[in-house]
Amino acid sequence: MHELSIALEVVNLLEQQAAILERITQVNLAIGALSCIEPEALKTALEVATRGTLAEGARLTFEFIPAAARCDDCQGEFEPDSRIEPCPLCGSPRKTWLAGQELRIRSLEGVARPD
Ligand SMILES: [Zn+2]
């Protein structure tokens, strides 16, 4: 399952916080519109993948990053609805993606380790 491998990567990133956080209570994830990630499936996968980690039981929220691209021919920037949408300015199919394919941890909240 696509989402489970992504969830495991997220857990790896979360575990890097273990040096400063005792427990993670909330994770805000930003999902690119082109990333093909199904939020409900990712949520379920994360609930499983965080078991036994410092992020177990953390509240998960999701936010979408719209797709953005720059035309390789006219340099115009636009927000395509799909991967194959051509440039609306000049019709070129050649573009460079600027955003929308990523999954990022936008922010997280937790309980800091005592000094
Ligand atoms: Zn163009």
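Student: Is Cys36 buried or exposed, and why?
Tutor: Cys36 counts as exposed because 12 C-beta neighbours lie inside 10 Å. The cut-offs: a residue is buried if 20 or more other C-beta atoms lie within 10 Å of its own, exposed if 12 or fewer, and partly exposed in between, with C-beta atoms placed from the backbone.

Student: What kind of model is this?
Tutor: This is a predicted model: local features need pLDDT of at least 70, side-chain atom pairs count only at pLDDT 80 or more, and totals for chains, interfaces and linings use all residues. Residues are numbered from 1 along each chain as its sequence is written.

Student: OK. Where is Cys36?
Tutor: Cys36 is in the loop between strand S1 (21–32) and helix H2 (39–49). Helices (H or I, at least four residues) and strands (E, at least two) are DSSP runs, numbered from the N terminus.

Student: What about the phi of Cys36?
Tutor: It is near 60°. That is a positive value in a residue other than glycine.

Student: What do S1, H2 and S2 make?
Tutor: They make a right-handed β-α-β unit. Right-handed has a set meaning: with the strands pointing away from the viewer, the path from the first strand over the helix to the second runs clockwise.

Student: How many bridges join S1 to S2?
Tutor: 7 bridges join S1 to strand S2 (residues 59–65), and the two run parallel. Two strands pair if DSSP finds at least two bridges between them. In S2, Phe64 stands opposite Ile31.

Student: Switching to H2. Which of its residues are buried?
Tutor: Leu42, Ala45, Leu46 and Ala49. Seen down the axis of H2, they fall within an arc of 100°, so they line one face of the helix. The arc is that of the directions from the helix axis to the C-beta atoms.

Student: And on the other side of H2? Which residues are exposed there?
Tutor: Glu40 and Val48 are exposed on that side.

Student: What do the buried residues of H2 pack against?
Tutor: H1 and S2.

Student: Then how far does H1 reach?
Tutor: H1 has 14 residues and spans 20 Å from its first C-alpha to its last. That is close to the 20 Å expected at 1.5 Å a residue. The expected span is 1.5 Å times one less than the number of residues in the helix.

Student: Which residues of H1 are buried?
Tutor: Ile6, Ala7, Val10 and Leu14. These buried residues fall within an arc of 105° seen down the axis of H1, so they line one face. The face turned away carries Ser5, Glu9 and Asn12, which are exposed.

Student: What covers the buried residues of H1?
Tutor: The cover includes S1, H2 and strand S6 (103–112).

Student: How many residues does the largest nonpolar core have?
Tutor: It has 15 residues. Ala7, Val27, Leu42 and Leu46 have the most contacts inside it. Helix H1 (2–15), S1 and H2 each supply at least two of its residues. A nonpolar core is a set of buried Ala, Val, Leu, Ile, Met, Phe, Trp, Tyr and Cys residues joined through C-beta atoms within 7 Å.

Student: Which residues is Val27 in contact with?
Tutor: Leaving aside neighbours within four places in sequence, they are Leu14, Ala55, Ala58, Leu60, Ile105 and Leu108. Two residues are in contact if their C-beta atoms, placed from the backbone, lie within 7 Å.

Student: New topic. What is the strand order in the open sheet?
Tutor: The order is S4-S3-S5, with 3 strands and antiparallel pairing. S4 and strand S5 (95–99) stand at the edges with a single partner strand each, so one side of each has no neighbour in the sheet.

Student: Who are their partners in S4? Say, for Arg70 and Ala69?
Tutor: Arg70 has Glu77 as its bridge partner. For Ala69, the partner is Phe78. On S5, Ala99 stands opposite Ala68, and S3 and S5 pair over 4 bridges.

Student: What do S3 and S4 form?
Tutor: A hairpin with 5 residues between them. Gln75, in the turn, has a positive phi of about 65°.

Student: Gln75, buried or exposed?
Tutor: Exposed, with 11 other C-beta atoms within 10 Å.
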